[in-house]
Amino acid sequence: MTATRLLLLCQALLVLSRALTQPLFVLLLHRLHLSTEWIGLILSLCGISATLIGLYGGHLADRMGPARLLRSMVLLIALTLPALTLSPHPAMSALLILSVDSAMSVILVSFKAMLARWITTEERPKVYATGYLLSNIMFSLGPLLGLQLAGLQFAIPFWLGGISVGLTLPVLRQLRRFPVQQDADVRSTARFVDTLSRLRQDHVLVCYTLVSFCHSMIYGRFSAWLMLWLLNHYSPMLSQRYLTSMILTNTLGVVLLQYPVSRWLLRGHLARWLLWASLCLLPALWILQVSTSLPMMCAAILLFTLAELVLVPAEYQLIDQIAPADARGAYYGASQLSMLGAALSPVLCGALLKWGGNTALFLSLQGIAVAGVMLLLLGLRLQQQRTQPVPMTAAPG
């Protein structure tokens, strides 16, 4: 088995664990007699904290090596998921959920750094796109399987999730047989404060992270603000039926279109594809705003899906292009801060609907999409103006 297939197998096992257990966190806290407000607050704080911890995780990946850090986080999750079913107290459960979310955030950063360790620059976009397809398939099937198993015995999905994560350890051990890239063993010796200063001074990184932040506010957790919007128009039962149809459209679009879209991306013209995908968000939002039937809504979601399929792997390529060899983890960790947009999106959209209705919601989202396009153009221009572009494979020493 090649290094590429081992990495993809490792990713599939990690995502399967996440897909089996993440939807059950709400039920787990509900079984401890917490109100919906407390459950939402705990999960939101855990998500935001884990994203911030991922930034420090990227710094650690540069200092101690991504593979070693990933093994440590895998072991933490493998032990914590079964422990969640044994926790008798809400505070302990919240702490364990925070541990799982934080470890998974660090794993995502470490895994991207590991791609640079074993996969060539030319092959990385294809491998990342394939991994993204696997993730979407796992998240399409995993929650359904997890809920079915939880109906038999609530602890089963958590134990299976722990086993799935644990199985990545022998897979990671097999990777040692393969040669690494030329710059893979470059280690950082910088302090975290120095790393933060370095990241802040890279204006291209800042622009690209803000671009991803804008996009994640729109499609990162689109099902949440879509449901809020639907409830403003329709009954809860009809809203749920419409949302189910739109999520199914998104899932089928991802599974069926990921491969051809990835092939188009690999042909080059990355900036052109990014601009096209960013601009696709505008008509998608407009169609949703004026839609009066389910087919129109599904057509808008299909446009969202096309944009997402381009933006997610393409934004990874942007960061991969500018990340120096001794700070790849830090750069990936910084770019992951964009996920804060997904965390803030439901709160912002709910406030906009309450304050100004549908018009305020969609005008604001369209304004965010335009801001993303402007930041993307600025970032591309700054990257082109660099007198000495950041080397892709700088030899150590």
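Contact here means heavy atoms within 4.5 Å. With that in hand, welcome to a short tour of this predicted model. What covers the buried residues of helix α7 includes α1 (3–21), α2, α4 (66–84), α6 (124–152) and α8 (168–174). From α7 we move on to other helix pairs, and then to a handful of single residues.

- Helix α7 spans residues 156–166, and its buried residues are Pro157, Phe158, Gly161, Gly162, Ser164 and Val165.
- These residues sit on the same side of α7, because the arc they cover around the axis is only 160°.

- Helix α2, residues 24–31, has Leu24, Phe25, Leu28 and Leu29 as its buried residues.
- Their arc around the axis is only 140°, so they fall on the same side of α2.
- Just after α2 comes histidine 33, with a positive phi of about 70°.
- Histidine 33 belongs to the loop between α2 and α3, and its positive phi occurs in a residue other than glycine.
- Is histidine 33 buried or exposed? Histidine 33 counts as exposed, because its relative accessibility is 75%.

**Helices α11 and α16**

- Helix α11 (residues 222–231) packs with helix α16 (residues 340–385) at an angle of about 55°, and their axes are 10 Å apart.
- That angle makes α11 oblique to α16.
- From α11, the contact draws on Ala224, Trp225, Leu228 and Trp229.
- From α16, the contact draws on Ser345, Pro346, Cys349, Gly350, Leu353, Asn358, Leu361, Phe362 and Leu365.
- The residues of this contact of α11 with α16 comprise 10 nonpolar, three polar and no charged.

**Helices α10 and α13**

- Helix α10 (residues 203–219) and helix α13 (residues 270–290) have axes 12 Å apart and pack at an angle of about 30°.
- Angles under 35 degrees count as roughly parallel, and α10 and α13 are therefore roughly parallel to each other.
- The crossing of α10 with α13 is left-handed.
- His215, Ile218 and Tyr219 of α10 make the contact with Ser278, Leu281 and Leu285 of α13.
- By class, the contact of α10 with α13 has four nonpolar, two polar and no charged residues.

**Two residues of helix α3**

- Threonine 51 lies in helix α3, which covers residues 36–64.
- Threonine 51 counts as buried because its relative accessibility is 10%.
- Leaving aside neighbours within four places in sequence, threonine 51 is in contact with Ser105, Gln336, Leu337, Met339 and Leu340.
- Methionine 64 also has its place in helix α3, and at 23% relative accessibility methionine 64 counts as partly exposed.
- With neighbours within four places in sequence left aside, methionine 64 is in contact with Leu69 and Arg187.
- How far apart in space are methionine 64 and threonine 189, C-alpha to C-alpha? They are 9.6 Å apart in space and 125 residues apart in sequence.

**Serine 239 in helix α12**

- Serine 239 is found in helix α12, residues 236–266.
- Its relative accessibility is 0%, so serine 239 counts as buried.
- Not counting residues up to four places away in sequence, serine 239 touches Met227, Leu230, Leu231 and Tyr234.
- Serine 239 and tryptophan 229 are 10 residues apart in sequence, with their C-alpha atoms 8.9 Å apart in space.

Terms used: Residues are numbered from 1 along each chain as its sequence is written. This is a predicted model: local features need pLDDT of at least 70, side-chain atom pairs count only at pLDDT 80 or more; totals for chains, interfaces and linings use all residues. Side-chain values use heavy atoms; hydrogens and water are left out. Axes are lines fitted to C-alpha atoms, for helices over the stretch in contact, and angles run from 0 to 180 degrees between N-to-C directions. Helices (H or I, at least four residues) and strands (E, at least two) are DSSP runs, numbered from the N terminus. Angles under 35 degrees count as roughly parallel, over 145 as roughly antiparallel, 65 to 115 as roughly perpendicular and the rest as oblique. Ala, Val, Leu, Ile, Met, Phe, Trp, Tyr, Cys and Pro count as nonpolar, Asp, Glu, Lys and Arg as charged, and the others, Gly among them, as polar. Buried means under 20% relative accessible area, exposed over 50%, partly exposed in between (1.4 Å probe, protein chains only). The arc is that of the directions from the helix axis to the C-beta atoms. A crossing is left-handed if the near helix is turned anticlockwise from the far one by less than a right angle, and right-handed if clockwise.
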